[in-house]
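Thank you for making time this morning.

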Amino acid sequence: MSKKSLIACICTTLVVVLLFLAYFAGLFGRKTVEVEPISTEYHRQYIGDFIENNGHVYQYNTDLTNILFLGIDTEDTLNRFTNPAYAGQSDAIYLLTLDRSNNEARFLQINRNAMVDIDIFDPDGNVMLTMPGQICLQYAYGTGSAQSVWAAKKSVSNLLFDIPIDSYFVMNLEGINTINDAINGVYITMPQDYTVIDSSMRQGARVHIIGNLAERFVRYRDINEFNSVADRMERQVLYIEALLENFSQGSTYDFYYAIEPLFDDVILTNLDWHGFDELTNYNYHNCRVDALPGEEVATDNWEEFHVDNDALEQYVIENFYVLSE
Amino acid sequence: MNKWKVTYYAGIIVAVLAVLGIIGYEILESRRQAELNQLRMVSINSDYTNNSPLPTVPYPQGTVETVVVDENGESSTVVVDEGLVNPVDFTQLWDTNYDIYAWLRIPGTPIDYPMLHRLGSFEETDYYLRRDYRGEVSAGGSIYTQAYYNQNFNEDPITVIYGHHLMGGALFGCLDSYDHDEGFRDANRNVYVYMPYHSYRYRVVACLYRSNANLMYQYGGMYVEAGQGDFENFVTDFNNGAVGSGWVEEGFEASIDDHYLILSTCCGDTSRRMIVVTVREEML
């Protein structure tokens with residue numbers, strides 16, 4: 001090659017190399033735009049969709065509807081903010097499960113002394129700390145109204161391995177007599193002698209619970225007797241069964257409009273007209289009433305109920321889940 | 001031609017082709033990115049419009065009367081703006097995300113969204129800028145307040161709600177109509193905020209374009225106390241037109257006795273923001 005063409009060759013090559021270098025240098029300086037993924041997986045409302053147990057996979061039984069019933073130990077209106085610890089304890093806790101496939105209803109009694117982790121909230125509704133305590137305290141340590149309901153609902157759901165709770169019906173002490181009178185009372189056949197509550201309540205007697213008999217019947221507890229909570233729970237379930245039977249035999253219209261003025265005061269609920277109407281489709285007479293597995297333990301001052309979590313997990317799987325294919 | 005020259009020319013051609021090829025690839029790639037972005041914007045919109053998993057909140061029905069008892073014990077019935085009756089079931093919303101603390105609704109517009117805030121470090125102040133109401137990463141984000149600056153909705157004299165301006169009108173996409181559309185303004189004057197214990201009605205009084213400076217930082221610092229220091233500056237600046245420029249309701253004067261809700265969104269120009277100022281009228 002001639003010298004001139006060699007120089008031309010080198011120059012051209014240099015130019016091309018420089019172009020490449022410039023290009024790649026530009027690349028290093030360039031910011032790569034991050035494409036953030038758009039979430040397409042919809043968040044499940046509850047985690048307990050699938051459970052694995054003993055080598056089998058179970059799926060939540062979507063034929064079930066769960067309604068949480070809470071009775072709050074306070075005379076004040078439920079629909080207001082309260083400072084944490086003053087919202088009232090949920091002394092009556094029942095989970096009503098309705099099975100659409102066979103129109104059966106059943107109750108799960110949740111002992112108010114069941115030991116769980118309680119979230120202590122601050123007045124702004126933020127969790128300040130979490131500590132063990134009786135499950136009835138969770139409602140009290142919320143800030144009242146919807147926030148306490150949600151905290152109590154969450155604690156029951158967490159206790160039962162995160163099954164979904166679809167609706168709630170919360171009532172204060174005033175609600176007992178008020179609702180009872182609104183429906184002209186209920187009739188209950190006494191399964192044992194309760195004459196300590198009222199002289200008419202002999203064993204086997206069919207008593208018309210009206211006026212303040214309702215409150216006495218469901219609230220009475222002999223605090224000097226150990227595990228008197230269990231006895232009270234039995235009476236409460238009797239009452240709720242009788243209430244629901246009365247309701248499903250009567251007219252939804254009459255019942256709903258009798259208690260509707262009490263909403264957001266004595267009653268908090270997210271059941272609407274259709275929810276109540278749906279309740280009438282189920283059979284409450286002598287329906288199954290289950291209790292939490294576990295045992296009462298007396299400590300120095302307070303009663304505690306220690307839940308048997310293994311037995312409870314089995315119970316939840318058998319009653320709320322079906323085998324997944 | 002001799003061997004070297006052939007090789008030389010061939011080399012040049014290959015090099016030039018390579019460079020052209022790379023440039024071509026880059027152009028196509030950037031075009032693809034632009035298309036992707038376009039698609040993302042569309043799918044963000046459909047996230048909020050067509051296949052929306054967003055919870056729906058019913059509208060209050062009928063008129064509402066409430067019994068008011070005065071100091072003498074005399075009771076009288078007062079008709080309450082039905083829009084103030086709280087239709088939100090927070091127990092359901094909290095099952096999804098406990099950071100949902102309120103609900104914002106401007107009836108008649110697409111603005112019907114949960115309001116979120118994240119309590120945590122200063123770094124998490126804009127946690128919900130790119131997270132949806134479930135807390136999952138999403139380019140559109142949520143409407144949210146900065147918990148660092150706004151901690152007590154009831155007491156704070158200014159609360160600023162942030163939200164993206166999405167094409168197609170989702171989130172705060174329709175707010176610019178307050179500036180230029182008088183009909184829209186008149187039809188959508190009321191803004192409602194629902195919270196667990198209270199509900200509020202605000203009236204839209206201004207739609208302003210301003211700089212990018214954080215409004216709460218400029219006029220409030222960490223916590224704004226009514227009638228003290230920086231909030232007074234906001235009131236003065238607003239009345240002097242120094243907060244921003246745009247439409248202001250005729251005859252409206254800001255005062256330190258009022259509570260303000262400010263909806264803040266972007267406006268195409270990244271150095272400026274658009275705010276809609278509303279004043280609290282009534283609460284339940």
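Predicted model: local features only at pLDDT ≥ 70, side-chain atom pairs only at ≥ 80, totals over all residues.

Residues are numbered from 1 along each chain as its sequence is written, chains are lettered from A and ligands numbered from 1 in the order in which they are written, and side-chain values use heavy atoms, with hydrogens and water left out.

Within that pairing, Val297(A) has Glu304(A) of β14(A) as its bridge partner. Strand β14 (residues 303-307) of chain A is largely enclosed by the rest of the structure, because four of its five residues are buried, where buried means under 20% relative accessible area, exposed over 50%, and partly exposed in between, with a 1.4 Å probe and protein chains only.

Staying in chain A, Arg216(A) and Asp198(A) meet through their side chains in a salt bridge at 3.0 Å, N to O, the term meaning a side-chain nitrogen of Lys or Arg within 4 Å of a carboxyl oxygen of Asp or Glu. Since Arg216(A) lies in helix α5 (residues 213-219) and Asp198(A) in the loop between β9 (186-189) and β10 (206-209), the pair ties together parts of chain A that are 18 residues apart in sequence. Arg216(A) is partly exposed at 35% relative accessible area, whereas Asp198(A), at 17%, is buried.

Turning to chain B, we have six helices and 11 strands, and buried residues make up 45% of its 284 residues.

Which residues touch the most other members of the largest nonpolar core? They are Leu104(B), Val193(B) and Phe234(B), in a core of 73 residues, and strand β8 (residues 199-211) of chain B gives the most to this core, with seven residues. A nonpolar core is a set of buried Ala, Val, Leu, Ile, Met, Phe, Trp, Tyr and Cys residues joined through side-chain atoms within 4.5 Å. Leaving aside neighbours within four places in sequence, Val193(B) is in contact (heavy atoms within 4.5 Å) with residues including Trp103(B), Leu104(B), Phe153(B) and Leu261(B).

The closest N and O atoms of Glu249(B) and Arg203(B) are 2.9 Å apart, and Glu249(B) is buried, with a relative accessible area of 15%. Salt bridges that share partners join both residues into one network with others, among them Asp186(B), Arg189(B) and Glu281(B).

Finally, is Leu17(B) buried or exposed? Leu17(B), in helix α1 (residues 3-48) of chain B, counts as exposed because its relative accessibility is 55%.

Definitions and conventions: Helix = DSSP H or I, 4+ residues; strand = E, 2+ residues; numbered from the N terminus. Pairing = 2+ DSSP bridges.
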